[in-house]
Amino acid sequence: MRSELYIGGRWISPIKGGTFDVVNPATEDVIHKLPAATAEDVDAAVAAARRAFDKDGWPKLSGAQRAAYLRAIADGIRVRQQEIARLEVIDNGKPLPEAAWDIANAAGCFDYFAGLAEQRDNDRGEPIKLSDARFTSRAVKEPIGVAGAIIPWNYPLLMAAWKVAPALVAGCTVVLKPAELTSLTALELAIADEAKLPPGVLNVVTGSGSVAGQAIVDHKGVDKLAFTGSGPVGSKIMTAAARDIKRVSLELGGKSPFVVFDDADIDEAVEWIMFGIFWNQGQVCSATSRVLVQDGIYGELLRRLVEETRKITIGNGLEDGILLGPLVSKRQHEQVLGAIEAARAAGATVACGGRRPDGFERGYFLEPTVLTDVPLGSDAWREEIFGPVLCIRPFSDENEAIELANESRFGLAAAVMSKDDVRAERVAAAFRAGIVWINCSQPTFTEAPWGGYKESGIGRELGYWGLENYLETKQITKFVTEEPWGWYMKPSEAAQ
């Protein structure tokens with residue numbers, strides 16, 4: 001496991017030498033110590049990134065040249081996939097098969113954006129048809145500059161890839177700060193060193209959000225901020241970015257609805273509902289945590305859902321057959337338990353789960369939980385819990401379902417399940433959300449845009465949309481005729 005900062009192509013200790021503990025959420029044991037970067041370390045990282053961007057020529061490389069570096073990073077991740085996945089498990093808590101899937105997706109993300117880099121090589125810009133034939137004009141895309149990327153703890157390496165890969169392809173350089181709770185695998189992105197990525201193009205600093213993260217947000221040398229995390233922190237970042245008119249993209253929280261009509265297959269619906277809320281212990285920004293089921297099948301679906309939820313195997317993510325690992329930290333465990341108790345106090349019924357499982361005195365484990373009779377005005381229904389907690393209620397008709405689904409300050413994702421394709425498409429169009437699934441929940445593809453409406457964020461990640469986050473648009477207009485322009489004539493010419 002790495003134990004230094006990666007700045008300017010070198011492993012270095014923090015200037016002030018501080019550290020913080022890495023805790024395995026399945027055992028509560030301290031398994032490592034990592035450097036706690038300060039503003040001085042961030043300043044060094046930004047200086048390295050500026051040098052790589054302004055002087056050393058990273059933006060001037062061809063797309064094919066940048067693609068070669070990204071493919072080398074992808075190959076390095078794949079060679080060490082199982083090793084990195086195990087680090088993810090002991091750092092985050094998720095089951096090993098989920099972690100291995102995440103690491104493979106991270107490698108695939110670098111490959112995908114490498115392909116976009118190659119496609120951009122022949123792009124001289126978009127021609128613009130002007131009203132004056134004496135001029136030609138085109139719009140070209142150029143890298144923004146130094147990007148400060150701050151990522152969350154729920155998908156540590158994958159979220160790093162979502163930001164680092166498109167930024168590098170665009171020609172930006174990066175200062176990456178992983179979440180304090182889960183920094184181990186983000187440091188492994190210094191596989192870039194093995195890929196011979198030029199010094200300063202990628203820098204990784206670990207530490208707290210209040211110190212290292214804030215230093216990135218406030219730094220005058222950072223041109224772009226890319227953040228994934230909670231709404232309150234995203235709001236603070238946006239406010240700080242406004243001081244310097246920094247470019248910003250935010251992927252924030254959600255309280256996503258899943259509408260199930262009474263013509264849906266109940267067993268299929270139960271499977272997708274469970275996947276939509278219990279994958280990664282429910283610590284997923286797009287989790288479909290508000291389930292609306294039409295009256296005709298509500299009772300039977302709830303019965304089957306509770307029955308299947310109780311079968312989920314809980315334990316250390318390194319053990320075979322585990323489907324639900326611990327929550328990421330003591331604080332998160334306490335917050336989710338507190339949210340369940342608050343829901344109960346507000347009138348909700350715990351249909352199953354809601355407590356620490358028997359036999360798990362250590363580790364941040366929590367039974368997968370289904371809540372019924374949740375009041376519409378309660379925090380449990382309206383606010384993101386970010387744990388394996390599902391709220392479910394019945395509805396009568398399509399209009400009611402759409403109204404309940406959209407009645408939220410969030411708009412990240414939504415899902416609908418019905419055998420009636422026309423109705424499913426109609427409801428999908430009515431959702432006020434940036435990501436909509438029909439007859440499924442949570443499939444995510446590198447090629448498709450990811451992001452939300454309303455308080456769920458600004459901008460989109462993944463696909464070409466993710467690349468656009470790190471590009472500026474420049475207009476280039478040329479006077480192409482030999483005829484005089486005629487706007488101004490010297491007095492001598494006017495006399496003639």
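Okay, ground rules. It's a predicted model, so local features need pLDDT of at least 70 and side-chain atom pairs count only at pLDDT 80 or more, while totals for chains, interfaces and linings use all residues. Residues are numbered from 1 along each chain as its sequence is written, and side-chain values use heavy atoms, with hydrogens and water left out.

Let's start with empty space. Rolling a probe the size of a water molecule over the atoms shows where empty space is left. Here that's done on a 1 Å grid over the protein atoms alone: a cavity is a set of points where a 1.4 Å probe fits but cannot get out, and a pocket is an open set with protein on both sides within 12 Å along at least five of seven lines. A lining residue has an atom within 4 Å of a point. Points are joined across faces, edges and corners, and the volume is the space filled by probe spheres set on them.

So, the second largest pocket. Its volume is about 460 Å³. There are 19 lining residues, and Glu271, Met274, Phe275, Trp279 and Leu323 are the closest to the centre. Which helix gives the largest share of that lining? That's H10, with 7 residues. H4 (96-119), H10 (266-278) and H11 (295-309) each put in at least two; helices (H or I, at least four residues) and strands (E, at least two) are DSSP runs, numbered from the N terminus. By class, the lining is 13 nonpolar, no polar and 6 charged. For the classes, Ala, Val, Leu, Ile, Met, Phe, Trp, Tyr, Cys and Pro are nonpolar, Asp, Glu, Lys and Arg are charged, and the others, Gly among them, are polar.

While we're on H11, Gly299 sits in that helix. Gly299 is partly exposed, because its relative accessibility is 49%; the scale is buried under 20% relative accessible area, exposed over 50%, partly exposed in between, with a 1.4 Å probe and protein chains only. Its C-alpha is 43 Å from that of Asp29, which is 270 residues away along the chain.

How many cavities of 30 Å³ or more does the structure hold? There are 3. Of its 15 lining residues, Pro257, Ala405, Phe410, Gly411 and Ala413 are closest to the centre. Helix H14 (398-406), strand S17 (410-411) and strand S18 (413-417) each give two or more residues to that lining.

On to the packing. In soluble globular proteins, nonpolar side chains tend to be buried together. A nonpolar core here is a set of buried Ala, Val, Leu, Ile, Met, Phe, Trp, Tyr and Cys residues joined through side-chain atoms within 4.5 Å. The largest one has 107 residues, and Phe110, Leu176, Leu189, Val260 and Leu301 have the most contacts inside it. A second, separate core has 28 residues, including Val336, Leu371, Ala380 and Val416.

Next, strand S10, residues 224-228. Why call it largely enclosed by the rest of the structure? Because 5 of its 5 residues are buried. In a regular strand the side chains alternate between the two faces of the sheet. In S10, Lys224, Ala226 and Thr228 point one way and Leu225 and Phe227 the other. S10 runs parallel to S7 (146-150), with 4 bridges, and parallel to S11 (247-251), with 5 bridges; strands pair if DSSP finds at least two bridges between them. Phe227 faces Ile150 in S7 and has Leu250 as its bridge partner in S11.

Ile245, in the loop between H9 (231-244) and S11, has a positive phi near 50 degrees despite not being glycine. Ile245 also counts as exposed, because its relative accessibility is 60%. Lys454, in strand S20 (453-454), has phi near 50 degrees as well. And in the hairpin of S3 and S4, with 6 residues between the strands, Glu28 takes a positive phi near 65 degrees. Those two strands run antiparallel over 5 bridges, with Val22 opposite His32.
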